[in-house]
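Me: Please take a close look at one part of this model. Begin with a single side chain, then work through the charged pairs and the helix packing, and keep it plain.

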Amino acid sequence: MNEQKTLIVSSSPHIRTPRDTRAIMLDVLIALAPAFIASIVFFGWRPILVTAVSVASCVLFEFGYRKLMKKPDTYGDLSAAVTGVLLAFCLPPTAPWWLPVIGALFAIVIVKQLFGGIGKNFLNPALAGRAFLLASYAVLMTSWMPTNFQHVDAATFATPMASLHQGALAPVGLGAMLLGNVGGSIGEISSVALLLGGAYLVYRKVISLRIPLSFIGTVAVITLIFSRGNGHFAWMLQNIFSGGLLLGAIFMATDYCTSPVTPKGQIIFGVGCGLLTVLIRYFGSYPEGVSYAILIMNLTVWMIDKNTAPRRFGTEAKKPFAKLFAKKEKEAAK
């Protein structure tokens, strides 16, 4: 008996790949592991507690919300776990245990699930959670501690970004910034660890280099030119390797759901993030500008994609202000 085969024709895009959301999120978690290990080395047990509470809260809130709304469970795709780790990485190691719980509630329920879940949120949940916590608990979110290898008074300790915000170079060497022997949030201190994670994501083809390079490159160019009276190269390097620039450019600005899909749009998005980061750092009241820059650019993704999408075959190219000119011609004809 001959076996009858059925040909199924569906709309584009036609993609066949064994990788699913869970596999991609697992790669992201693996890429975040070096930065997590570095945080434990320099801050001790505190990052373990904050990260564990953050991840557990994100997973439980997603599970509970979808059960309450009678929707299919999605916690198994690991996206909530990734949000939990990234949220924890944005918190200081001194954060009390309940702080990531509140941030997780806002990130998962308000920012992610109320808009339909993964793929439908227009803001990065982890960054939105951080912004909410910063607005609500500013003191706790800006209380830093020295690393295990720094002999300074914790009461007077400041991060490199605090010095840069005052227009002065931070009193730490580039080596300390690269390795992580500086103050800051849990996941942002070790530039080498973040670059290793980014290289893994590029190797696994989880992300492309368009957004990270355009983001970091824009910050590099602007800070090199406008050094605020400091040495140009030293000022540029400290702006790149301190604060949350690498964490944001590699792991948050590249979020599939909240970044453009077109190659040209991704470059525009990265440049916009870099420009806003420098403007906030130079003229804002808060030393760091990465999270707000990404959130602002998240709101423009629909417009970027709309104006950088390739022209469909057989259609006329869109002309800027075509409707405006057509309306004026029509009025003139009358």
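Reply: Arginine 281 is buried, because its relative accessibility is 3% and the cut-off for buried is under 20%. This holds for a predicted model. The residue belongs to helix H13, which covers residues 263-283. Leaving aside residues up to four places away in sequence, arginine 281 touches Met161, His165, Arg228, Asn239, Ser242, Gly243, Gly244, Leu245, Pro287, Glu288, Gly289 and Val290.

One of these neighbours, glutamate 288, is also the salt-bridge partner of arginine 281, with 2.9 Å from N to O. Glutamate 288 has a relative accessibility of 8% and therefore counts as buried too.

The count of salt bridges comes to 4. Another of them joins arginine 204 to aspartate 27, where the closest N and O atoms are 3.1 Å apart. Aspartate 27 is buried at 3% relative accessibility, whereas arginine 204 is partly exposed at 37%.

A further salt bridge pairs aspartate 73 with lysine 67, at 3.8 Å from N to O. Here aspartate 73 is partly exposed, with 37% relative accessibility. Lysine 67 is likewise partly exposed, with a relative accessible area of 47%.

Helix H1 runs over residues 21-43 and its axis comes within 9 Å of that of helix H3, residues 79-89, with a crossing angle of roughly 25°. Because angles under 35 degrees count as roughly parallel, H1 and H3 are therefore roughly parallel to each other. The crossing of H1 past H3 is left-handed. On the H1 side the contact uses Met25, Val28, Leu29, Leu32, Ala35 and Phe36, and on the H3 side Ser79, Ala81, Val82, Val85, Leu86 and Phe89. Sorted by class, this contact holds 11 nonpolar residues, 1 polar residue and no charged ones.

H3 also packs on helix H2, residues 46-68, with the axes 8 Å apart and an angle of about 145°. This crossing is right-handed. H2 contributes Val50, Thr51, Ser54, Val55, Cys58, Val59 and Glu62, while H3 contributes Ser79, Ala80, Ala81, Thr83, Gly84, Val85, Leu87 and Ala88. The class division is 9 nonpolar, 5 polar and 1 charged. Ser79, Ala81 and Val85 are among the H3 residues that meet H1, and they are also among those that meet H2.

How much of H3 is buried? The helix is mostly covered, with 11 of its 11 residues buried. These are Ser79, Ala80, Ala81, Val82, Thr83, Gly84, Val85, Leu86, Leu87, Ala88 and Phe89. The cover over them includes H1 and H2, along with helix H4 (98-112), helix H5 (125-136) and helix H12 (245-252).

H4 is the place of proline 100. Proline 100 is buried, because its relative accessible area is 0%. Beyond residues up to four places away in sequence, proline 100 touches Val50, Val53, Ser54, Leu87 and Leu91. Val50 and Ser54 of H2, and Leu87 of H3, also take part in the contact between those two helices. Proline 100 is 16 residues from glycine 84 in sequence, and their C-alpha atoms are 8.4 Å apart. Glycine 84 is itself one of the buried residues of H3.

H2 also holds glycine 64.

How values were computed. Residues numbered from 1 in each chain as written. Predicted model: local features only at pLDDT ≥ 70, side-chain atom pairs only at ≥ 80, totals over all residues. Heavy atoms only, no water. Axes fitted to C-alpha atoms, helices over the stretch in contact; angles between N-to-C directions. Helix = DSSP H or I, 4+ residues; strand = E, 2+ residues; numbered from the N terminus. Parallel < 35°, antiparallel > 145°, perpendicular 65-115°, else oblique. Left-handed = near helix turned anticlockwise from the far one by under 90°. Contact = heavy atoms within 4.5 Å. Nonpolar A, V, L, I, M, F, W, Y, C, P; charged D, E, K, R; others polar. Salt bridge = Lys/Arg side-chain N within 4 Å of Asp/Glu carboxyl O. Buried < 20%, exposed > 50% of the residue type's maximum accessible area, 1.4 Å probe, protein only.
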